[in-house]
Structure formats: structure tokens, C-alpha cells
Amino acid sequence: GINAEYMGTWSLKTMAVALRSAMQAMRRFPRRGGGHHDHHPTGPQPPNGFLFNEKPLLPGESRPTESWEAWYNTGIIACLTICVVSVFGPRESWHDWARPIAEQRVKELDASKGSA
């Protein structure tokens, strides 16, 4: 919930200014369909029987890539790389390097107690 003590330090004027600036920021962005106007420049098209209303390509023709595809592919490859490295990568925790040092110190302590 909201911390009442923290909210008590705000005056009504401060809260009104914050609300007004948030509302002005929200008005700057379109309400519906922002950024998606490039998909159908002529408006919605009637169904033509093909998946996503895209006609099959002619032989030898390649599909043009869209602007988001490079970022999406980069993100997927990065996530897969991080997963593979974290699962199959080398185990380098503090246990791996601290255990031999601790065992050596224990042997040295045992040897010094045995000779004393």
C-alpha cells in the first residue's frame, strides 16, 4: 500500500502539479493504434483467404523484412546465449577457489599442532 507518513509530506499543490504533468504527458501519445498505421495505409482490408492477409510470394521473390525483426532476432539470440552459458558455462563460485586454500590451512594447523 501507500505509506501514509510519506504521503503526508506532500502538499495538495504538489500532488496537483504532479497529476497535471502526468496528464499532459499522457495527452502527447495517441490513444489507440499508435505507430501501427504503416501496416495498412489504406485502412482495414477485407479477408482474402490467406494467413495475415498476405498473398503467397512468387518463385524467386523474397519477403521484405520489417523494422522490428532485427531487434527481435538480436534479443532472442542474446537470451539463448545467456541461458546456454549460465547452464553449461564454467562453475566459478567462491567455493571452487576457497576450498583448496581452506584445506591447505587446515593441514598447516594440524601439522603445527602435531609438532607442538
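Modeller: This is a predicted model. Let us begin with Leu 57, which is found in the loop that links helix 2 (12–27) to helix 3 (69–88).

Biologist: Is Leu 57 buried, exposed or partly exposed?

Modeller: A residue is called buried under 20% relative accessible area and exposed over 50%, with partly exposed in between. Leu 57 has a relative accessibility of 46%, so this residue is partly exposed.

Biologist: Which residues is Leu 57 in contact with, leaving aside its neighbours within four places in sequence?

Modeller: Contact requires heavy atoms within 4.5 Å. With those neighbours set aside, Leu 57 touches Ser 62 and Arg 63.

Biologist: How many helices and strands are there in the chain?

Modeller: The chain has four helices and zero strands. Read from the N terminus, the order of elements is therefore α-α-α-α.

Biologist: What share of the residues in the chain is buried?

Modeller: Of the 116 residues in the chain, 3% are buried. The accessible surface of the chain is about 11,600 Å², and carbon and sulfur atoms account for 64% of that area.

Biologist: How many aromatic pairs does the structure hold?

Modeller: There is one aromatic pair. The ring centres of Trp 68 and Tyr 72 are 5.9 Å apart and the ring planes stand at 80 degrees, so the arrangement is edge-to-face. For such a pair, planes over 60 degrees apart count as edge-to-face. Trp 68 is itself partly exposed, because its relative accessibility is 46%.

Key:
Residues numbered from 1 in each chain as written. Predicted model: local features only at pLDDT ≥ 70, side-chain atom pairs only at ≥ 80, totals over all residues. Heavy atoms only, no water. Phe/Tyr/Trp six-rings, centres within 6.5 Å; stacked < 30°, edge-to-face > 60°. Buried < 20%, exposed > 50% of the residue type's maximum accessible area, 1.4 Å probe, protein only. Helix = DSSP H or I, 4+ residues; strand = E, 2+ residues; numbered from the N terminus. Areas by Shrake-Rupley, 256 points an atom, 1.4 Å probe, with all protein chains shown as cover.
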